[in-house]
Amino acid sequence: MPEHANPSAPRSTSTVLLTFAQQRELRLRSARALAERSKPSAFAYAVVFGALAFLTPLAREHPGTTGLFALIFTFVGLGRFTLALSFPGSYPRSPERWRLLFAALTVGMGVAWGMFAATCLMLYGISITSLIVLIATTGTAAAALVSLGPSGRMLIAYEVAMLLPSGLYSVFSSVPGAKSIGVMSFLFIAFVTLIGRQIHRSFVSAESNQLLLESHTVELEMAREAAESASRAKSEFLANMSHEIRTPMNGVLGMSELLLGTKLEPEQREYATTVRGSALALLDVINEVLDFSKIEAGKLTLESVEFAPLDLLEEVSDLLAPKAHAKDLDLVCWRPATLPTVMCGDPGRLRQVLLNLLGNAIKFTEHGEVEIGARVVAQGAERATVEFFVRDTGIGIPKDRQALVFESFTQADGSMTRRFGGTGLGLTISRQLVEMMGGTLQVESEPGAGSRFSFALDLPVARAAEPASGADSLQGAPILLVCGHTDRAAMFQEWVRHWGGVPSVVPEVDELGAPAAAAAGPFRAAVLTFPHDTAAAAATIQALRAHPATEQARLVALVQHRELVGQDEAMAGFAATLSLPVRRGALHRALLEVTGRKQAVASEVAQIGDSIEIPPGLRALLVEDNAVNRKVAVRLLEKRGIEVVQAEDGRIGVEKWSEGTFDIVLMDVQMPEMDGFQATAEIRRLESLQGRRTPIVAMTAHAMSGDRERCLAAGMDDYVTKPVRAESLYEVIGRWAGRTGDEQAA
């Protein structure tokens, strides 16, 4: 029995850690190693014995003794060799029997060699022949250290059986010099015993560690499979969540875009624009959640697309302005005139970071103001470094807690979670996104004085800021800015100069007599923050009309609460009213209008997708089970003169397709009765019989990784995700509608 199978034998740490099943496997491996290593030993014994018999006088002088040992070696060697060959079949049936037989034959071989060596000493004494036999015996014993290393006890028994007979004979022999050979034999027995135990322990330790490694590998593989299973479950959940959210979002975004395509009052257009912006922001959140679901891919990817940093800042401000105004906070959006018009980067990630920072600032500020903005740190011909920042006058963060706010599930004070809510993940995610974009999110704060979060990004510039000219210029018109907020006044002044006007700033109407203001009059327009009550507003208007410098000026009111916009009684006397934080484009258009430079311009949003060329007289089949989504798609298509035939599911869609001719099919994927994949397959089957091909575009809320490829593999020609954007829909129609089968195949 192998040494490691004996409970009383010393065991290594690795062996102790093995389970019963692993120890049984270790015994199996030990036996297998013995069988494999013993196969060449039989031939080695035969070669060595044959060489000793015929290269020495043994075979000639003592043929009977030589023949007897030849028979013993042949019998034991063949038995051991046969047992080794039969290991795969015989060991599993009776492991203990196989080990006992193998040990008996091995020790028997050792006894035979030992008796052979002792017989040679008896026959020849201390001579060349006996020395050659002793050297061959010790060499064979040394070689057994490797072949029998898997079994320590078997190795020791074999070595003792092989070396002891000659050693005993030599010690008790009266032949001169024999005792020295006997002592050397006993020393060699001790040596091979010590080395053999070390080799055995090394083998057991190596195999035990291998078993533990394999066990851990299996555990890791099971953990990996469990993680992949959990990841698949998460991906399925996110896919379903995405689909269920995108479907109603398609109605919100689609209807808001349709609304912006109608004639609206400025106030109504502002509300509709905010609804659209909010829908886009929610869509970005959904897309970001789906991006994080790609964690199994190892990384998140950043886009590099053109975006307007000014529009992004204003959009973020508009989204959170109601929250700030609900707390009576003054929300300032700082946008210098030198800010590049168009840059390249990832606006979705940047929007996510700014929304989080501004939302936190509003949440942790009870009174005062909150400011979001950007400033140009360095400007080059092709790149610019822009610092984005959010500042507040809130509770602040102690210096010893500032680093902790970027840790997951951590806030500056444990009581904040109870007081303000939140998970403490927002700043962690924001910091990671900023670092991915090449910046570093920093914080400067003092308790009770507020905080300032900032990060600088070095981004490519697609179009630099240029001063207004031509019809967009104020052409030297004197503009009065009545603003008591220093930063806001400085920004308005910079804007007016950038637009070609001549600004004058006073903090209050009472200071119209100041030298700077008097020198610039008479003013063509006056921009002022609207007072909080109607009486104060009337008094302000009366003071402006009574002053020679402003008696003919047209008035533009900036209101803190946008619900005041459009109230006739409160706004009487003002030519235009804009809500704070005011959009730069809105103020520019208002000043152009009140100074007579240009009529009010239509919103760019109202013309979404109109520049995309679509062939006239198209006929489209819309296969969609959601009534709101059908309504949105029908309105968008009919706006461009496209005739639409509707189908409520895939089965009806196939029937409608069979009854008419269409330039394009817009196919939802998830539908009752027959889904989009089945309907596409049926249409393609019918087309193969009729010899025609219609472009089929997937219009679906399935937006996970691989969904596009799945749609194309199902026979669809293109793919548009919900919520469907007008420009995306028009672009894909313009690309596919009216193309022949040959053109599509090409």
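**Group meeting talk: a walk through a predicted model**

Valine 720 touches Val697, Ala698, Met699, Thr700, Ser728 and Val732, not counting residues up to four places away in sequence. Touching, or contact, here means heavy atoms within 4.5 Å.

Hello everyone, and a quick word on what we are looking at. This is a predicted model, where local features need pLDDT of at least 70 and side-chain atom pairs count only at pLDDT 80 or more, while totals for chains, interfaces and linings use all residues. Residues are numbered from 1 along each chain as its sequence is written, and side-chain values use heavy atoms, with hydrogens and water left out.

Let's stay with valine 720 for a moment. Valine 720 is found in strand E17, residues 718-721. Strands (E, at least two residues) and helices (H or I, at least four) are DSSP runs, numbered from the N terminus. Is valine 720 buried or exposed? At 8% relative accessibility, valine 720 counts as buried. Buried means under 20% relative accessible area, exposed means over 50%, and partly exposed is in between, with a 1.4 Å probe and protein chains only. Leucine 666 is 54 residues away along the chain, yet its C-alpha atom and that of valine 720 are separated by 9.3 Å.

Valine 720 also leads us to arginine 708: these two are twelve residues apart along the chain, with 8.6 Å between their C-alpha atoms. Arginine 708 sits in helix H23, residues 707-713, and at 36% relative accessibility it counts as partly exposed. Leaving aside neighbours within four places in sequence, arginine 708 is in contact with Asp718 and Tyr719.

Now, the whole chain. Its secondary structure comes to 25 helices and 17 strands, and buried residues make up 50% of the 746 residues. Among contacts between residues at least 6 apart in sequence, 72% join residues at least 24 apart.

On to the cores. A nonpolar core is a set of buried Ala, Val, Leu, Ile, Met, Phe, Trp, Tyr and Cys residues joined through side-chain atoms within 4.5 Å. Which residues have the most contacts inside the largest one? They are Phe73, Trp98, Trp113 and Phe116, in a core of 41 residues. At least two residues of this core come from each of helix H2 (20-55), helix H4 (63-85), helix H5 (87-93), helix H6 (95-124), H7, H8 and helix H9 (178-260). H6 gives the most, with twelve residues. Phenylalanine 116, leaving aside its neighbours within four places in sequence, is in contact with Phe49, Leu52, Leu58, Phe69, Phe73 and Val133. A second, separate core has 40 residues, including Ala321, Val370, Met437 and Phe455.

Two of those helices deserve a look as a pair. Two packed helices are described by the angle between their axes and the distance between the axes. The axes of H7 (residues 128-147) and H8 (residues 152-172) come within 10 Å and cross at roughly 170°. Axes are lines fitted to C-alpha atoms, for helices over the stretch in contact, and angles run from 0 to 180 degrees between N-to-C directions. H7 and H8 are therefore roughly antiparallel to each other; angles over 145 degrees count that way, under 35 as roughly parallel, 65 to 115 as roughly perpendicular and the rest as oblique. On the H7 side, the contact is made by Leu134, Thr137, Thr138, Thr140, Ala141, Ala144 and Leu145. H8 brings Leu155, Tyr158, Glu159, Met162, Leu163 and Ser166.

What about cysteines? A search of the whole structure finds zero disulfides, a disulfide being a pair of cysteine sulfur atoms within 2.5 Å. Cysteine 344 is buried, with a relative accessible area of 18%, and cysteine 711 is buried too, at 2%.

Finally, some backbone details in loops. A cis peptide bond joins leucine 580 and proline 581, with omega about -5°. Proline 581 lies in the loop between strand E12 (576-579) and helix H19 (584-594). Glutamine 475 has a phi near 50°, a positive value in a residue other than glycine. Glutamine 475 lies in the loop between strand E7 (450-463) and strand E8 (478-482), and counts as exposed at 53% relative accessibility. Glutamate 673 also has a positive phi, near 65°. Its loop runs between strand E15 (664-667) and helix H22 (676-690), and at 64% relative accessibility glutamate 673 counts as exposed.
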